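Here is a short briefing on a structure with its sequence. Look at it first, then read the points below.

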Amino acid sequence: MIMKRIFLFLLINFFTTNAFSLVKIDITRGNLEPLPTAISNFYIDNPEKFTEKIKKLNLDINLPKVIKGNLNRSGLFYVLDNKSYIQKPKLSHLKPRFEDWKLIKAQIMVSGKLKIDDKGRLRVEFRLWDVVSGKEIEGLALFATPSSWRRIAHIISDKIYQRLTGEEGYFDTRIVYVGESGPKTQRVKKLAIMDQDGANNKFLTLGNELVLTPRFSPNGRMVTYMSYFKNLPRVYLLNIETGIQEVVGDFPGMTFAPRFSPDGKKVIMSFARDGNSDIYTMDIKSRRVEQITSNPAIDTSPSYSPDGRFIVFNSDRSGVQQIYVMRSDGRKARRISRGKGLYGTPVWSPRGDLIAFTKIHKGKFYIGVMRTNGTGERLLTQNFYQEAPSWSPNGRVLIFYRETAGGKKGQGASANLWAIDITGYNEVKIKTPTDASDPSWSGLLSK
Amino acid sequence: MSLTNIRNFAIVAVLGFLLSACATGGKRSANDWYEGTDTVKFLASGVPDRIFFATNRSSLHTAAKSTLNKQAAYIKKSGLSVVVEGHADERGTREYNLALGERRANAVRDYLMSQGVSGSKVTVISYGKERPVNPESSRLAWSQNRRSVSVKAK
């Protein structure tokens, strides 16, 4: 259960240049023409230093493969098939022949070199080439223990994304979610964590009790979630590194729908007293509890604005479930959802500009975004059942879960994680070893 | 009216007929709560353990009150404690459904207390949409899943 901090060190030296590149990606529009990209296999500089164990990792092939998966999944890049590459990895890295890469219509090319240094560390050098202008536009050397090579691949992917879009990437991140198994009537649910690309999946609880809605702390080391441990539905904290779990506060009733405040010091959640759910916060250190809303309606699914000044939540005070924004002290609640249907699960974008939500209308479920004053509603995807969007740290992608309908005895029912760009393009299924729901996206790990 | 329009109209009419037939066959009331006896178990002989709710509602209709009257009489007579479980169907967001299940269970607790049951005998727990009794994704199943169930406290 304990997640060791396997990633030891990471040194980055820039040895390039802010060389002007001709190739750019505009991610504010739906990108229908992903950038043709070549990712060469990396070459091994000192094979004699590669022990059997490291050799087995096939890093020269697998490290670029992880980068390829990331870039392809983003929908912004189209990585060309390796078989079409003319130049060999070593020369591609040292002295690329741009005509060869132009010939296969690549606009950018990624090359790399692997080395085991004197201390046994893996040194990965990568270069990003603008094939059109024939220049190197990014270059880095990264060090880590060989076993954390995947993180290097993610950091390189983020660098490429950043260099070409001008915005931070989201590949060096993790997803915490609920792994599901068993029949619908007796579903077994476990907390699970994995890398953003589905690798390194790990279960954090055993499935003895029902667990729901895990959410990362801003620094990614803690998770707050709801558990039915001892049949008392309460909000818990889990330290991912130590595996220690603790109940949050001693409320005389159900607490649920937890999230961290942006500074990570408080948990905001709902507390149900005598059938009525209101929003409360608890300071994690002092355990001081504060009641934020006091309304006979259901107030739940609270989420802070990134500056901590406002809270968005859903309430049925108008008669049906709608989205409201209030000041963080609970004052001046104002309804922002105005369209037809029900609105729930609002989540404030890390950029501060948008609120993602679930909308239910005429028996269909939608994931959408709106501005923080409720204008500019855009529905991104419609389905039989889907909800609970969570933002990528750069505010460009939403991850959520989708369930399919169950036939007789629930046959055919499934739950899976999906992601979609806020442009409405590039809807992709995220592979998980079991059925999955309630995803929460971490911030960038190396930040 | 064009030919396709006529055909569409005919399809709609047939579907409408089938749906209404389904509704009576499946014993869902016009008000959207389940009125049948499938899935119902008994707290004691002649005392049904559950009542059903309309979509997004926690109000108690007449049939539900009559079931709860029997539960109240039984709890008072036997001196047993019960746990009232509140449930929702799968057609709402998870967190809202947890709150809705809590609201339903408390509506039942309040009613039992209004019938003379001591509050100390009745605790509540909400399972939201997590524990459906019918795993199908159909209107009938959803109506059976929007329920409260009174179980003997352990």
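In chain A, strand β25 (residues 364–371) is joined to β24(A) by 8 bridges, and the two run antiparallel. Strands pair here if DSSP finds at least two bridges between them. Helices (H or I, at least four residues) and strands (E, at least two) are DSSP runs, numbered from the N terminus. This is a predicted model: local features need pLDDT of at least 70, side-chain atom pairs count only at pLDDT 80 or more, and totals for chains, interfaces and linings use all residues. Residues are numbered from 1 along each chain as its sequence is written, while chains are lettered from A and ligands numbered from 1 in the order in which they are written.

**Strand β24 of chain A and its partners**

- A:I360 stands opposite A:F365 in β25(A).
- The hairpin of β24(A) and β25(A) has 2 residues between the strands. There, A:K362 takes a positive phi near 50 degrees.
- Strand β23 (residues 342–348) of chain A also pairs with β24(A), in the antiparallel sense, over 5 bridges.
- In that pairing, A:G344 stands opposite A:T358 in β24(A).
- The hairpin of β23(A) and β24(A) has 5 residues between the strands, and A:G352 takes a positive phi near 90 degrees.
- β24(A) (residues 354–361) is mostly covered: 7 of its 8 residues are buried. A residue is buried if 20 or more other C-beta atoms lie within 10 Å of its own, exposed if 12 or fewer, and partly exposed in between, with C-beta atoms placed from the backbone.
- In a regular strand, side chains alternate between the two faces of the sheet.

**A:F42 in chain A**

- Where does A:F42 lie? It is in the loop between β2 (35–39) and β3 (43–44) of chain A.
- Is A:F42 buried or exposed? A:F42 is buried, because 25 other C-beta atoms lie within 10 Å.
- A:F42 and A:L114 are 72 residues apart in sequence, but 6.7 Å apart in space, C-alpha to C-alpha.
- Leaving aside neighbours within four places in sequence, the contacts of A:F42 include A:L59, A:L63, A:P89 and A:L114. Two residues are in contact if their C-beta atoms, placed from the backbone, lie within 7 Å.

**Two helices of chain A**

- Helix α2 (residues 59–74) and helix α5 (residues 149–165) of chain A pack at an angle of about 45 degrees, with axes 9 Å apart. Axes are lines fitted to C-alpha atoms, for helices over the stretch in contact, and angles run from 0 to 180 degrees between N-to-C directions.
- α2(A) and α5(A) are therefore oblique to each other. Angles under 35 degrees count as roughly parallel, over 145 as roughly antiparallel, 65 to 115 as roughly perpendicular and the rest as oblique.
- α2(A) passes α5(A) in a right-handed crossing. A crossing is right-handed if the near helix is turned clockwise from the far one by less than a right angle, and left-handed if anticlockwise.
- Among the residues that meet are A:L59, A:L63 and A:V66 in α2(A), and A:W149, A:I152 and A:I156 in α5(A).
- The residues of this contact divide into 11 nonpolar, 4 polar and 1 charged. Ala, Val, Leu, Ile, Met, Phe, Trp, Tyr, Cys and Pro count as nonpolar, Asp, Glu, Lys and Arg as charged, and the others, Gly among them, as polar.

**Chain B: sheet and helices**

- Chain B has 4 helices and 6 strands. From the N terminus on, its elements run α-β-β-β-α-β-α-β-α-β.
- Of its 154 residues, 45% count as buried.
- An open sheet of 4 strands in chain B has the order β3-β6-β4-β5, with mixed pairing.
- β3 (50–52) and β5 of chain B stand at the edges, each with a single partner strand, so one side of each is left without a neighbour in the sheet.
- Strand β4 (residues 82–87) of chain B runs parallel to β5(B), joined by 6 bridges. B:V82 stands opposite B:V122 in β5(B).
- Helix α2 (residues 62–78) of chain B and α3(B) pack at about 60 degrees, with axes 9 Å apart. They are therefore oblique to each other.

**Where the chains meet**

- 21 residues of chain B are in contact with 35 residues of chain A.
- α3(B) gives the most to the side of chain B that touches chain A, with 10 residues.
- The residues of that side divide into 9 nonpolar, 4 polar and 8 charged.
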